[in-house]
Amino acid sequence: MPSVDRNPKNIQLLVLDVDGVLTDGSLILGTDGQEYKLFSSKDGAAIKWWLRSGRQMAWVSGRESSAVLRRAE
């Protein structure tokens, strides 16, 4: 089995699932058909810190969502 470096300072890529990790898993549909998701501002602040430290991240989702694309921007 290959060895695993468990020092968080050496992590360069953070990959997070959207639904249930970056959101609480809720999906709100407006009367106009618009999709809404609830994101944590604390997660957003941590992600900005992560990216400003020169590291990379990726979001994984089972489907395309305008709410997720807007939040990722």
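Let's start with Trp50. Trp50 is buried, at 9% relative accessible area. Buried means under 20%, exposed over 50%, partly exposed in between, with a 1.4 Å probe and protein chains only.

A word on the source. This is a predicted model, where local features need pLDDT of at least 70, side-chain atom pairs count only at pLDDT 80 or more, and totals for chains, interfaces and linings use all residues. Residues are numbered from 1 along each chain as its sequence is written, and side-chain values use heavy atoms, without hydrogens and water.

Back to Trp50. Trp50 sits in helix H2. Helices are DSSP runs of H or I, at least four residues, and strands are runs of E, at least two, numbered from the N terminus.

What does Trp50 contact, beyond its neighbours within four places in sequence? Ile11, Gln12, Leu13, Leu14, Arg55, Gln56 and Met57. Contact here is heavy atoms within 4.5 Å. With Gln56 there is more detail: the Trp50 side chain reaches the backbone oxygen of Gln56 at 2.8 Å. Now look at Arg63. Arg63 is 13 residues from Trp50 in sequence, and 25 Å away in space, C-alpha to C-alpha.

Next, the core. The largest nonpolar core has seven residues: Leu16, Val18, Leu22, Ile47, Trp50, Met57 and Val68. Such a core is a set of buried Ala, Val, Leu, Ile, Met, Phe, Trp, Tyr and Cys residues, joined through side-chain atoms within 4.5 Å. Helix H1 (18-22) and helix H2 (41-52) each supply at least two of the core residues.

Take Leu16. Setting aside residues up to four places away in sequence, Leu16 touches Val21, Leu22, Met57, Ala58, Trp59 and Val60.

Last, Leu13. Leu13 belongs to strand S1, residues 13-17.

Technical notes
Polar contact = N/O pair within 3.5 Å; in protein donor to acceptor, adjacent residues only side chain to side chain.
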